[in-house]
Amino acid sequence: MKLIMLGAPGAGKGTQAKMIAAKYQIPHISTGDIFRSNIKNGTELGRKAKEYMDQGLLVPDELTVDLVIDRLAQDDCQKGYILDGFPRTIPQAEALTAALAKRGEKMDFAIDVDVPDENIVSRMSGRRACTGCGATYHIVHNPSKKGELCEVCGEPLVLRDDDKPETVQKRLSVYHEQTQPLIEYYGGQGILRTVDGAQPMDDVFAAITKILEA
Ligand code: AMP
């Protein structure tokens, strides 16, 4: 099963992607997580990506596309994967389609987790991320059972710089300009499915599994 999660920043697609990856035993590939781990490890890629991420901008396609295409060639991707945060531009989507076509493959579904803009800013101010393993929580919708600490690794939780309100506004406008056109792109391929992301997390998950198991 090869899936793409689409949706605005803060729509909850990362949380859903992790749940789907666990249920169907496929790798969860998040470009945001890959960039953040590069930043944490002080790599050259991390240094370059951070310049864009801190401003709420997209990391250039040149730094992003090959990274993902190489990742998809690894052994654990043989039986499928879920892409979270990639593609985010039409050129990225075209590069993905072309790389898969070379191997006679295609994506099964692009799932759009749809949440109105009004809900996004308030949601993101409640988001918390682990400084250790990158796990994400929400103070209202998905709190850590350990309060201010990560349930998984026990490290402190913080509001990520790119989740601060001023950066969120920028990320939303970047989303509408550069990422939203993918909805039409995957609609045209006949693989777009839309779920109402404003529902409680478990209902969103149920709606997605219903699509995958139809
Ligand atoms: P995310 O965790 O998916 O919200 O990503 C956090 C940030 O990483 C984004 O705001 C972008 O700056 C960068 N990023 C993640 N994925 C991509 C991508 N596919 N293309 C460009 N930039 C990306």
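Before the first click, one term: a residue is buried when its relative accessible area is under 20%, exposed when it is over 50%, and partly exposed in between (1.4 Å probe, protein chains only). Another one: helices (H or I, at least four residues) and strands (E, at least two) are DSSP runs, numbered from the N terminus. This is a predicted model, where local features need pLDDT of at least 70, side-chain atom pairs count only at pLDDT 80 or more, and totals for chains, interfaces and linings use all residues. Residues are numbered from 1 along each chain as its sequence is written, and side-chain values use heavy atoms, with hydrogens and water left out.

**Stop 1: helix 2**

Select residues 31-40, which make up helix 2. Which residues of helix 2 are buried? They are T31, G32, F35 and N38. Look down the axis of helix 2: its buried residues fall within an arc of 130°, so they line one face of the helix. (The arc is that of the directions from the helix axis to the C-beta atoms.) Now show what they pack against: strand 2, helix 3 (44-53), helix 4 and strand 3. Then step just past helix 2 to G42, which has a positive phi of about 65°.

**Stop 2: helix 4**

Next, select residues 61-72 for helix 4, which has 12 residues. From first C-alpha to last, helix 4 reaches 16 Å, close to the 16 Å expected at 1.5 Å a residue; the expected span is 1.5 Å times one less than the number of residues. Colour T64, V65, V68, I69, R71 and L72, the buried residues of helix 4. Viewed down the axis of helix 4, they fall within an arc of 160°, so they line one face of the helix. Turn to the face pointing away from that buried side and you'll find the exposed residues E62, D66 and D70. The cover over the buried residues of helix 4 includes strand 2 (28-30), helix 2, strand 3 (81-84) and helix 5.

Stay in helix 4 and zoom in on R71. Is R71 buried or exposed? R71 is buried, with a relative accessible area of 19%. Contact means heavy atoms within 4.5 Å. Leaving aside neighbours within four places in sequence, R71 is in contact with P27, I29, D76 and C77.

**Stop 3: helices 5 and 8**

Show helix 5 (residues 90-102) together with helix 8 (residues 181-188): their axes come within 10 Å and cross at roughly 30°. To see the contact, pick I90, A93, E94, L96 and T97 on helix 5, and P181, L182, Y185 and Y186 on helix 8.

**Stop 4**

Most residues other than glycine have a negative phi, and most peptide bonds are trans. Go to Q25, in the loop between helix 1 (13-24) and strand 2. Q25 has a positive phi of about 55° although it is not a glycine, and at 56% relative accessibility Q25 counts as exposed. Then jump to P87, in the loop between strand 3 and helix 5. The peptide bond from F86 to P87 is cis, with omega near -5°.

**Last stop: N119**

Finish at N119 in helix 6 (residues 117-125). N119 is partly exposed, at 29% relative accessible area.

Notes. Axes are lines fitted to C-alpha atoms, for helices over the stretch in contact, and angles run from 0 to 180 degrees between N-to-C directions.
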